[in-house]
Amino acid sequence: SEIVDTILCLDGTEVLGACLADELIEEGIGNENEHNTLYIVTPETTSGNLQIFRENIAHLIRNRRVLVLAASVTTGGTVQSAIQTIHYYGGACLGECSIFSCLDECEGFPITAIFRSSQLEGYLCVPSNQCPLCKSGVKLDALVNCYGISSC
């Protein structure tokens with residue numbers, strides 16, 4: 001079985017990350033450290049959308065086997081940035097998981113997801129400049145992100 005040291009949580013998934021850590025440890029896919037625990041971390045995001053770790057957290061990535069957890073993966077940009085950040089800090093990405101995903105893989109790693117866009121009839125995941133609704137002048141009802149729903 002694979003050993004996971006750290007779960008990198010994106011999109012406010014820290015509580016879910018803690019639950020995932022418990023399940024992984026129960027399945028024997030835990031850390032071999034003296035505490036037999038998995039570390040749960042969240043990167044800071046700079047104003048330029050760069051993900052960073054402060055010195056007090058970077059050691060939980062450096063030389064560690066890291067699993068990326070996201071709420072949703074649409075274009076893969078945030079997950080791709082997370083993987084690059086893991087590598088920058090000297091960690092090894094083991095894989096990616098999410099609640100919802102439009103993609104099957106990102107950066108060569110398969111994405112394990114609970115729900116897929118193919119399960120939602122009529123769901124579109126396209127760049128904004130290729131959106132058929134935008135091109136037809138159809139306005140959005142709302143935007144949804146990890147902070148909630150914003151009516152348009």
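**Entry 1. Two asparagines in loops**

I looked up asparagine 63 and placed it in the loop between helix 2 (55–58) and strand 5. The model I am reading is a predicted one. Asparagine 63 has a positive phi of about 60°, although it is not a glycine. I noted for comparison that most residues other than glycine have a negative phi. Is asparagine 63 buried or exposed? Its relative accessible area is 67%, so I recorded it as exposed, the cut-off being over 50%.

I then turned to asparagine 49, which sits in the loop between strand 3 (44–45) and strand 4. Its phi is near 65°, again a positive value in a residue other than glycine. With a relative accessible area of 60%, asparagine 49 is exposed.

**Entry 2. The chain as a whole**

I found 4 helices and 10 strands in the protein chain. Read from the N terminus on, the elements follow the order β-α-β-β-β-α-β-α-β-β-β-α-β-β. The C-alpha trace spans about 60 × 35 × 30 Å along its principal axes. The chain has 152 residues, of which 34% count as buried. I also checked the contacts with a separation of 6 or more: residues 24 or more positions apart account for 57% of them.

**Entry 3. Helix 3**

I compared the length of helix 3 with expectation. Its 12 residues should span 16 Å at 1.5 Å a residue, and because its end C-alpha atoms are 16 Å apart, the two values agree.

Which residues of helix 3 are buried? I listed Val79, Ser81, Ala82, Ile83, Thr85 and Ile86. An α-helix has 3.6 residues a turn, so residues three or four places apart point the same way. The cover over the buried residues of helix 3 includes strand 1 (6–9), strand 4 (51–52), strand 5, strand 6, strand 7 (105–106) and strand 8. Just after helix 3, I found glycine 90 with a positive phi of about 85°.

**Entry 4. The largest pocket**

I looked for open space next. Rolling a probe the size of a water molecule over the atoms shows where empty space is left. The largest pocket has a volume of about 1,500 Å³. It is lined by 42 residues, and those closest to its centre are Ser72, Thr74, Tyr123, Val144 and Asn145.

Which elements each supply at least two residues of this lining? I recorded strand 5 (65–73), helix 3 (77–88), helix 4 (132–135) and strand 9 (142–145).

**Entry 5. Serine 101**

I located serine 101 in strand 6. How is serine 101 classed, buried or exposed? Its relative accessibility is 1%, and therefore it counts as buried. A polar atom of its side chain lies 2.6 Å from the backbone oxygen of leucine 103. Leaving out residues up to four places away in sequence, I found serine 101 touching Val73, Ile111, Ala113, Phe115, Arg116 and Ser117.

I looked up tyrosine 147 in the loop between strand 9 and strand 10 (148–151). At 76% relative accessibility, tyrosine 147 counts as exposed. I also read a distance to valine 73, which is 74 residues apart from tyrosine 147 along the chain: the two C-alpha atoms are separated by 16 Å.

Cysteine 152 lies in the segment after strand 10. Its relative accessibility is 60%, so cysteine 152 counts as exposed. Which residues does cysteine 152 touch, not counting those up to four places away in sequence? I found Leu140, Asp141, Ala142 and Leu143. The C-alpha atoms of cysteine 152 and isoleucine 111 are separated by 31 Å, with the two residues 41 apart along the chain.

Note on methods:
Residues are numbered from 1 along each chain as its sequence is written. This is a predicted model: local features need pLDDT of at least 70, side-chain atom pairs count only at pLDDT 80 or more; totals for chains, interfaces and linings use all residues. Side-chain values use heavy atoms; hydrogens and water are left out. On a 1 Å grid over the protein atoms alone, a cavity is a set of points where a 1.4 Å probe fits but cannot get out, and a pocket is an open set with protein on both sides within 12 Å along at least five of seven lines; lining residues have an atom within 4 Å of a point. Grid points are joined across faces, edges and corners, and a volume is the space filled by probe spheres set on the points. Buried means under 20% relative accessible area, exposed over 50%, partly exposed in between (1.4 Å probe, protein chains only). A polar contact is a pair of N or O atoms within 3.5 Å; within protein, one must be able to donate a hydrogen and the other to accept it, and residues adjacent in sequence count only if both atoms are side-chain atoms. Contact means heavy atoms within 4.5 Å. The expected span of a helix is 1.5 Å times one less than its number of residues.
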